[in-house]
Amino acid sequence: MGKLLAFGEIMLRLSPPGRELLLQSPRFDVWVAGAEANVVTALARLDHDVGLVSMVPDNDLGRSAIATLRGHGVDTRTIQVGGERMGLYFVTSGAGMRATDVVYDRAHSSFAAAPVAAWDWDALFDGVDWFHLSGITPALGPVPAESAIAAARAAAARGIPISFDGNYRAKLWERWDSDPRGILTRLVEQADLVFGNHRDIALLLDRDFAGHDGEQRRRDAAEAAFAAFPKLTTIASTARHVETVDLHRISARVDTRDGHAQTDEVVLAGIVDRIGGGDAFAAGVLHALRGGGDSAAAAATGLALTALKHSLPGDAALFRQADIDAYLAGGLDVRR
């Protein structure tokens, strides 16, 4: 394997301690966050060669974020220092029948304000054999959207496979006069692997799959996406049923043009933190595929890593291969 490179904003996540409400007490727990940062962090912990293209301000917040990522094994040499501010977001963890709530404070961040010309893709793609990005970057505004499209086109022009995680964030798209379908379509056109479910595909194709049943709905949506996007070879997704904030049922699926692999549903009880679960799933799928695994291995590994992530506070899945192996082997007794 060569190097996997991702492109996206690094943020800080601030959460009240435990299950408190925002500012119920004057304290925050703080973690380095961001969808793409979460993916490369998880992959670095699994011994992949990964880097992140981003920009943070030249202050203690930016430098601490870089140091944290570097400490996990991420190549941070492609993270630029500049701009005015660090993107932030606040997560109030839910409990029981109270849902988790997110407040964004990332407008005019160093990354969001960076011009398209800030990214020298000829140099950045040197030695890279996989490129990952998500729908969060284009949701930040017209310039980040243009940057994301330019990055995807540059990777495709060099024959670098591209994975794209839809990560639709309505709160971000609604902040500006955006065209989510048009912009996301231009990105998915370049992708080989897409992380998204039937709702993401419905948005892209302006088509409703809600009347279809369960697994057939997901396969119908996948086949429609394959027909619409000739370059696309693989779609990975999860299905989540929320009983309470602390009790979910989740399964994973990988669709290809020739068929699909579907896991059994697992019950996640006593959830500690679900934020970042989708990024953990993406990392698990990439981990398996880049290691030579088939669709079934990718679905199982993606589900394993997202299930483990739900046990950990913060945004990133900080697990090793031994943790995945132990999960797949089953058994929850103390490992001594």
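Modeller: Before reading charges here, note that Lys and Arg count as positive and Asp and Glu as negative, while His and the chain ends are not counted, and that a charge is placed at NZ of Lys, CZ of Arg, CG of Asp or CD of Glu. This is a predicted model, in which local features need pLDDT of at least 70, side-chain atom pairs count only at pLDDT 80 or more, and totals for chains, interfaces and linings use all residues. Residues are numbered from 1 along each chain as its sequence is written, and side-chain values use heavy atoms, with hydrogens and water left out.

Colleague: How far apart are the mean positions of the positive and negative charges?

Modeller: For the 34 positive and 43 negative charges of the protein chain, the mean positions are 2 Å apart.

Colleague: What percentage of the residues of the protein chain count as buried?

Modeller: Buried means under 20% relative accessible area, exposed over 50%, and partly exposed in between, with a 1.4 Å probe and protein chains only. By that rule, 55% of the 336 residues are buried.

Colleague: Which residues touch the most other members of the largest nonpolar core?

Modeller: A nonpolar core is a set of buried Ala, Val, Leu, Ile, Met, Phe, Trp, Tyr and Cys residues joined through side-chain atoms within 4.5 Å. In the largest, of 50 residues, they are I10, L52, L69, F195, L286 and L305. Another core, apart from it, has 49 residues, including L133 and I201.

Colleague: Does a positive phi go with a buried or an exposed residue at H108 and at N167?

Modeller: H108, with a phi of about 65°, is exposed because its relative accessibility is 66%, whereas N167, with a phi of about 40°, is buried at 13%.
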